[in-house]
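User: Could you walk me through a few spots in this fold, slowly please?
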Amino acid sequence: MKVVDVTATTHLVPTSLPHITKPQRPIGVVVVRVETDAGITGFGMAPGNRLRRAIKELINHGLADHLKGQNPLATERLSKQLLGEFSRFGSAGLVSTSLSAIDIALWDIKGKACGQPVHRLLGGADDSASAYATFGFFDYDREGLAFMAKELVRQGFDKMKMVVGSGNAQDLDEDVRRIVAVRDAIGPDVQLMIDANLLFDYQRALSLAKRVEELNITWFEEPVVANDVNIMSDLRRATSIPIAAGQFEGTKTRHREFVQHRAVDFLHANVFYVGGYTEALKVAHLAQIYNLPYASAGGWPHHNMQLIAGIGGWGVEVHMSTWVAGEAIFRDAPVPDGGRIAIPDDPGIGLNYDETALKEYLEV
């Protein structure tokens, strides 16, 4: 089998948040098709609110030429070749995100060619994935947060995450009030995580951590600027709240640094950023070697759930806005049920793109 064509297109996909009437900005995505001479087409995807046009150009006018004529089943060889050619120094961002989309499409082909769902090819630990809901956005006031948290508990979620950094990381008092409101709403048994999205310096991260330690926080995600491993390591020793990071890191070596510096208690990766399933699987195995829980973060559960099920990971993030965007472009996508997601049993990734929707949301 050989690759005969590779094409990438950009789309602006509508999204929404429950009980929020304010329109949400559409989410930009890049959809990749890798066609083979065996009649099998693999589909990959990349997020791209800011870089989507650059990702499309790199794939269509760079990566495609290197893939044509290659065996799409040789995912490890192709990953090494493309990393060596386009990301020799392990750079993240544009290159790693573009490579991720290609790798995802190649695994889709591999699954279809083997007649197996990708999660089984990645290890087959389970046919479903534990899920946690990311709901706590600043679109909700404190009362709205509490209402949504209770609703998610009624839906069966026993793990959920909210963002912190109110007022651009200046109002720690409001952050504390919001966290308290959610904890009071869900009770002591539901796991609650907080995510700073790289906003804080050490002192502010430590101050917030100390003020909410008694609220039984499962993890404090990406608490400091640039995921600085030295600062995270110091923070980890200074608070009883576990530290998590890695969702937007573009190389497995950055995850290795987190482990070597003892900077995290939970290791995260996202198949959209780290290099697809080929590289994310290595990060997951790194977590297993060091007995660290591995979870997906950074949104886009429809593609990350295969890896979490494949390796028996801690959980896949059901990020509300990216979940809704996925539902807009996939037909009959799986849905969470009782805090778990059943992985499609269809060969490949198991996602059926709605071509009518892709055409409607196509960016020209």
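Analyst: Let me begin with a term: two residues are in contact when they have heavy atoms within 4.5 Å. This is a predicted model, where local features need pLDDT of at least 70 and side-chain atom pairs count only at pLDDT 80 or more, while totals for chains, interfaces and linings use all residues. Residues are numbered from 1 along each chain as its sequence is written, and side-chain values use heavy atoms, with hydrogens and water left out.

User: Okay, what does H302 touch?
Analyst: Leaving aside residues up to four places away in sequence, H302 touches W323, G326, E327, F330, A333, P334 and L351.

User: And is H302 buried or exposed?
Analyst: H302 has a relative accessibility of 1%, so H302 counts as buried (buried is under 20% relative accessible area, exposed over 50%, and partly exposed in between, with a 1.4 Å probe and protein chains only).

User: Which helix is H302 in?
Analyst: H302 belongs to helix α12, residues 301–311, where helices are DSSP runs of H or I with at least four residues, numbered from the N terminus.

User: New topic: at what angle do α3 and α11 pack?
Analyst: Helix α3 (residues 94–114) and helix α11 (residues 276–289) pack at about 95 degrees, and their axes are 6 Å apart; axes are lines fitted to C-alpha atoms over the stretch in contact, and angles between N-to-C directions run from 0 to 180 degrees.

User: Which residues make that contact?
Analyst: From α3 come S100, D103, I104 and W107, and from α11 come G276, Y277 and T278.

Methods:
Helices (H or I, at least four residues) and strands (E, at least two) are DSSP runs, numbered from the N terminus.
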